[in-house]
Amino acid sequence: MEHLSLDKIIRFISFDEINDENLRLASEVNLHMIECSRCRNKVLSIQNTLEHLLSYSGVKGVDVSNIIIDEDIRSELDNFYGKKD
């Protein structure tokens, strides 16, 4: 089974518009997570990490849909989660 890429997970947890592309992505990711506990845990872990990091700002109800993760952080996340596959 091919696991979800970090890019796909980030696009899934951050989309802020309902359109055909995002609906296909949501369907694909959700169907995969039903069958794959490893990817389900990755998605939850990334969501929890973002929420935890944003909680330090002291701002409540922060909209994370437009957050862009820079290449250094994306690379570190790829390395971290890639080693668990």
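Student: Is Asn22 buried or exposed?
Tutor: This is a predicted model, and in it Asn22 is buried, because its relative accessible area is 12% and buried means under 20%.

Student: Where is Asn22 found?
Tutor: Asn22 is found in helix α2.

Student: Which residues is Asn22 in contact with, leaving aside its neighbours within four places in sequence?
Tutor: With those neighbours set aside, Asn22 is in contact with Phe15 and Glu17.

Student: Which other residues of α2 are buried?
Tutor: Besides Asn22, the buried residues of α2 are Leu25, Ala26, Val29, His32 and Met33. Viewed down the axis of α2, the buried residues fall within an arc of 140°, so they line one face of the helix.

Student: What do the buried residues of α2 pack against?
Tutor: They pack against α1 and against α3, which covers residues 37-55.

Student: And what does the face turned away from that buried side carry?
Tutor: That face of α2 carries the exposed residues Asp20, Arg24, Leu31, Ile34 and Glu35.

Student: What span should α2 have, and what does the model give?
Tutor: At 1.5 Å a residue, the 16 residues of α2 should span 22 Å. The end C-alpha atoms of α2 are 23 Å apart, which agrees.

Student: Which residue caps the N-terminal end of α2?
Tutor: Asn19 is the cap: a side-chain oxygen of Asn19 lies 3.2 Å from the backbone nitrogen of Glu21.

Student: Let us turn to α3. How many residues does it have, and how far does it reach?
Tutor: α3 has 19 residues and reaches 26 Å from its first C-alpha to its last. That is close to the 27 Å expected at 1.5 Å a residue.

Student: Which residues of α3 are buried?
Tutor: Cys39, Lys42, Val43, Ile46 and Leu50 are the buried residues of α3. Seen down the axis of α3, they fall within an arc of 95°, so these residues line one face of the helix.

Student: Which residues in the largest nonpolar core touch the most other members?
Tutor: This core has 16 residues, and those touching the most other members are Leu4, Phe12, Ile13, Val29, Met33, Val43 and Ile46. The elements giving two or more residues to the core are α1, α2 and α3. The most comes from α1, with five residues. As background, nonpolar side chains tend to be buried together in soluble globular proteins.

Student: What is Val43 in contact with, beyond its neighbours within four places in sequence?
Tutor: Beyond those neighbours, Val43 is in contact with Leu4, Ile9, Phe12, Ile13 and Met33.

Student: New topic: how many salt bridges does the structure hold?
Tutor: The structure holds two salt bridges. In general, side chains of opposite charge can pair when their charged atoms come close. Arg11 and Asp7 both lie in helix α1 (residues 6-14), four residues apart, about one turn of the helix.

Student: Which residue does Glu28 form a salt bridge with?
Tutor: Glu28 forms a salt bridge with Lys8, and their closest N and O atoms are 2.5 Å apart. This pair links distant parts of the chain: Glu28 is in helix α2 (residues 20-35) and Lys8 is in helix α1, 20 residues apart.

Student: Why does Glu28 count as partly exposed?
Tutor: Glu28 counts as partly exposed because its relative accessibility is 39%, between the cut-offs of 20% for buried and 50% for exposed.

Technical notes: Residues numbered from 1 in each chain as written. Predicted model: local features only at pLDDT ≥ 70, side-chain atom pairs only at ≥ 80, totals over all residues. Heavy atoms only, no water. Salt bridge = Lys/Arg side-chain N within 4 Å of Asp/Glu carboxyl O. Buried < 20%, exposed > 50% of the residue type's maximum accessible area, 1.4 Å probe, protein only. Expected span 1.5 Å × (residues − 1). Arc of directions from axis to C-beta. Contact = heavy atoms within 4.5 Å. Polar contact = N/O pair within 3.5 Å; in protein donor to acceptor, adjacent residues only side chain to side chain. Core = buried A, V, L, I, M, F, W, Y, C linked by side-chain atoms within 4.5 Å.
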